[in-house]
Amino acid sequence: MSATQPVLEARGLVKRFGQVAALDGADLVLHAGEILAVIGDNGAGKSTLIRCLSGATQPDAGQIDVDGRPIRFDSPRDARAAGIECCYQDLALSPALNVAENFFLGRELRRGGVAGALLRRLDQPLMVERAAANLTALQVSLPSLAVRVEALSGGQRQCVAVARAAAFARHVVILDEPTAALGVRESGMVLDLVRRIRDRGLGVILISHNMPQVFALADRVHVARLGRRIALLDPRECSMSDAVAMMTGATAA
Amino acid sequence: MLGRALKLRERLGSLGPVAALGAACVAFGVLSPQFLTLDNLALVLQQVMVLGLIVAGQTLVVLTAGIDLSCGLVMALASMVMGVVAFEAGLPWSVALLAGIAVAVGFGSLNGLLVARMRLPPFIVTLGTWNIAFALTQLVSGSRTISDLPRPLTLAGETFTLGGAHVAWGVPLMLAAFAIAHYVLRQTAAGRHVHAVGDNAEAARLAGISTRRVLLFAYAAAGALYGVAAWLSLGRTGVAEPNAGQTENLDAITAVVLGGTSLFGGRGSMLGALAGTLIVGVLRNGLTLIGVSSLYQVLCTGVLVILAVALDPQARRLAR
């Protein structure tokens, strides 16, 4: 493991739902400029881990450090303020709103002067311009930013959601199954985008069930099982079947 | 047949309600020579000014994927409070007006709190507050009509002349309310959040929007609009009537749906809502002019509301 300061580190996270411990002392380390894949069977605690790191759920115990400083997230807003953006599976966008509105959803830009301060008027041209600039920088091409998101293809939608996360993240982008609902070509589009995000120097956490994808993309692989991290693998030094065996408990880590 | 109508509906978007309104006007213009006179059109506006404000409020709620069944009855209660405070308590008209609006905002906020905080279904919550508002109206009035109202309370019903037509003062007020509501929905973050919460509440929450605040805002603002509607209602009828608001209740939902706002939330506009309001008003007025009895008019609105929901593209998408 590298000696540099991790951009995100979680230690001993515990989260119980009644008698069930979804997280039972989970650890996670993420460095800037790397893609960390998180794999695990259903019920391994991947989702809960991600939700804790993105502020959507609050852990019962454990510590989260961002850039070496301990931090506590009471809501997704707090995590966003700390520079962590999450792109949730299926829930990322509002289909009835257009691309620019979705891009700035929850952090809209207002006009200057009286119109903005008193009349709370949004600066829609500026939001369209900034959204376009961000999408262009990430090489996401769309017919128009004024179309409702529901008019886009699945791949385009996912690209908008991922690009939004990347555009606002200062430290970490968390992607929950970004290609689960996509075809081969569209998945490729999203995965290229994920690489570009890493190359910008952000830390990327990628949750995926797709092993070939994980092994093609990830710099390190975090294997979750029964609410803990049971292994941290280098995809160049182990095989997919090894990883699957660990994740299902067929072999001990 | 339905398929073709749906395609047309989707292509027309928010122009659909406006087109339907135009078609209804042309049809009644042909059927009755009186219909397209300026004075009659001014009368249509006067007849829908109360309904219009209720529809504006109802649209806010429906955009959040909710529904407010209490709308007309809260309006009735607010107008009765205005009447009782002014007439029986003998307080100044301004106090009466504010008391009525405050009661309406209170009911709206109560609906909003129950929906947002307790996560109760809007249908049931507002069914409850409908009954509460109705009973309170009867209780505070002793089921009596109050007719001796101070003039400022009935001012909205007085008319001014515009191009030879007599237009009630409440009409520009209603149009202003729609314009403001349109601005808020389109041009402010609060308005976009109303759409976002109705469209996909979980996505909105994860985007850092407080869905509770948005819901509370929508229901409370709706209450405020019902409160202003109550004042217009005093102007329109000249009295505080314990059985007011009953027809407005269903008419409001009909107008919202005819206006192209999806009952599944997120999609719709105030422009459409205004068109929907006018469609209801034109139908009532036009059918009366050609001599259709009021029961058939109710029947007709019933058929229309079902038809409008059937043409909601969102409904078809979900049913698939």
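In which sense, parallel or antiparallel, do E3(A) and strand E8 (residues 203-207) of chain A pair, and over how many bridges? They pair in the parallel sense, over four bridges.

This is a predicted model, in which local features need pLDDT of at least 70 and side-chain atom pairs count only at pLDDT 80 or more, while totals for chains, interfaces and linings use all residues. Residues are numbered from 1 along each chain as its sequence is written, and chains are lettered from A and ligands numbered from 1 in the order in which they are written.

**View 1. Chain A as a whole.** The secondary structure of chain A comprises nine helices and ten strands, where helices (H or I, at least four residues) and strands (E, at least two) are DSSP runs numbered from the N terminus. With a radius of gyration of 19 Å, close to the 18 Å that the globule rule gives for 253 residues, chain A is as compact as a globular protein of that length; the radius is taken over C-alpha atoms, and the rule is 2.2 Å times the number of residues to the power 0.38. Of the 253 residues of chain A, 44% count as buried, a residue being buried if 20 or more other C-beta atoms, placed from the backbone, lie within 10 Å of its own.

**View 2. The mixed sheet of chain A.** Six strands form an open sheet in the order E6-E7-E8-E3-E9-E10 (chain A), with mixed pairing; two strands pair if DSSP finds at least two bridges between them. At its edges stand strand E6 (84-87) and E10 of chain A, each of which pairs on one side only. Within this sheet, Ile35(A) stands opposite Val204(A) in E8(A). Helix H1 (residues 46-53) of chain A packs on the sheet, touching E3, E6, strand E7 (172-176), E8 and E9 of chain A, and its direction makes about 150° with that of E7(A); axes are lines fitted to C-alpha atoms, for helices over the stretch in contact, and angles run from 0 to 180 degrees between N-to-C directions.

**View 3. Strand E9(A) and its partners.** Strand E9 (residues 220-225) of chain A is mostly covered, as five of its six residues are buried. Strand E3 (residues 35-40) of chain A pairs with E9(A) in the parallel sense over five bridges, and Leu36(A) has Arg220(A) as its bridge partner in E9(A). Strand E10 (residues 228-233) of chain A pairs with E9(A) in the antiparallel sense, also over five bridges. E9(A) and E10(A) form a hairpin with two residues between them, and Leu226(A) in the turn has a positive phi of about 50°.

**View 4. The antiparallel sheet of chain A.** Four strands form an open sheet in the order E2-E1-E4-E5 (chain A), with antiparallel pairing. Strand E2 (20-30) and strand E5 (69-71) of chain A stand at the edges with a single partner strand each, so one side of each is left without a neighbour in the sheet. Strand E1 (residues 8-17) of chain A is joined by five bridges to strand E4 (residues 61-66) of chain A, and Arg11(A) stands opposite Gln63(A) in E4(A).

**View 5. The contact between chains A and B.** The contact takes 17 residues from chain B and 19 residues from chain A, two residues being in contact if their C-beta atoms, placed from the backbone, lie within 7 Å. H9(B) gives the most to the side of chain B that touches chain A, with five residues.

Key. Buried ≥ 20, exposed ≤ 12 C-beta atoms within 10 Å, placed from the backbone.
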